[in-house]
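Dear colleague,

Please find below the structure that I am handing over to you. My notes on what was found in it follow directly after.

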Amino acid sequence: MKASLGQYAFFRALGNHSRRVLRNIDQLIWPPRSLVTGDQIAGPGLIEVEYWLDIKFLNMPVCCRCGAPFEAMHDVGDAYELVECAACIARKPAFDRARAVFIYDDLTSRIILRFKNGADRNGLKLMSQWCVDVAGDLVRDADFVMAVPLHASRLRSRGYNQSLWLAAAIARRRDLKLAHHILKRRRNTPSQAGRSAVGRQKNVEGAFHIAERHRKKLAGKRVLLVDDVYTTGATVEACCRALKRSGATSVDVITLSRVVSPTDPTI
């Protein structure tokens with residue numbers, strides 16, 4: 001016997017109610033924790049109000065190429081979406097566009113380090129929504145979503161790639177294809193922390209590779225590359241060069257945070 005529309009609506013409502021109950025039970029057992037401090041949060045949201053107000057989100061105006069913030073855009077008006085910063089005019093990046101959610105500083109570094117080194121996936125849904133909000137056009141244009149890969153030995157010892165977690169969450173949110181197997185890191189490069197811009201470029205030069213069998217998949221495609229922090233852009237540019245050499249039409253970049261003063265030796 002076919003269910004009537006009324007019966008269907010009843011069971012659907014019952015299913016929604018059950019999911020809400022299970023979600024509430026889940027929060028009782030594993031209450032949400034702050035993305036900044038790791039402390040339990042009683043109210044809505046994952047960041048305490050006093051910290052939320054101090055996060056420097058990278059809203060417009062920013063460089064249309066690399067996403068660097070402009071301090072002031074007087075006399076430009078609505079044309080700011082077409083304005084490049086001096087650094088991009090002097091040297092065009094390997095990527096087509098890059099955007100970041102917020103500026104990397106003492107506060108937001110705590111969010112990044114909990115995610116990166118603490119394997120805290122508590123805020124993935126929120127983080128992926130931030131990424132989609134700040135880079136909606138980049139997400140809409142993408143054929144594939146990828147993450148900056150770890151070397152196989154690093155992945156085995158660490159057990160996870162936080163950038164891949166974020167890329168997967170973005171892909172799920174917009175029903176995009178996650179292509180995590182195409183871009184590989186063939187050299188186990190030392191940490192970029194403490195290196196100059198030139199040193200970072202040399203450190204990742206030739207580090208990324210795409211096997212011949214994957215190149216047909218990339219031909220004519222637009223890639224969205226995901227990472228956690230944009231410092232000088234050396235790592236994502238090395239990835240972009242490898243992807244474009246293998247046939248990608250364009251490569252855009254989205255990161256959670258961006259360093260405004262890339263001379264900071266701690267990152």
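**Overall composition**

Of the 267 residues in the protein, 45% are buried, where buried means under 20% relative accessible area, exposed means over 50%, and partly exposed is in between (1.4 Å probe, protein chains only). This is a predicted model, in which local features need pLDDT of at least 70 and side-chain atom pairs count only at pLDDT 80 or more, while totals for chains, interfaces and linings use all residues. Residues are numbered from 1 along each chain as its sequence is written, and side-chain values use heavy atoms, with hydrogens and water left out.

The protein contains 11 helices and 7 strands; these are DSSP runs numbered from the N terminus, with helices being H or I of at least four residues and strands being E of at least two. Among contacts (heavy atoms within 4.5 Å) with a separation of 6 or more, 73% are between residues 24 or more positions apart.

**Surface patches**

A nonpolar patch on the surface is formed by V49, W52 and L53, which together have about 340 Å² of accessible area. Patches are made of residues with over 30% relative accessible area and no salt bridge, with like charges joined within 9 Å and nonpolar side chains (Val, Leu, Ile, Met, Phe, Trp, Tyr) within 5 Å. A salt bridge is a side-chain nitrogen of Lys or Arg within 4 Å of a carboxyl oxygen of Asp or Glu. V49 belongs to helix α2 (residues 49–52) and is exposed, because its relative accessibility is 59%.

K177, K184, R213 and K217 form a positive surface patch. Lys and Arg count as positive, whereas His and the chain ends are not counted; the place of a charge is taken as NZ of Lys or CZ of Arg. R213 is located in the loop between β5 (208–210) and α10 (215–218), and with 66% relative accessibility R213 counts as exposed.

**Backbone points to inspect**

Which residues other than glycine have a positive phi near 55°? A119 has such a value, and so does D175. A119 sits in the loop between α4 (108–116) and α5 (124–134) and is partly exposed, at 33% relative accessibility. D175 is placed in the loop between α8 (162–174) and β3 (177–178) and is exposed, with a relative accessible area of 72%.

With kind regards

Methods: Accessible areas come from the Shrake-Rupley method with a 1.4 Å probe; for residues, only the protein chains shown count as cover.
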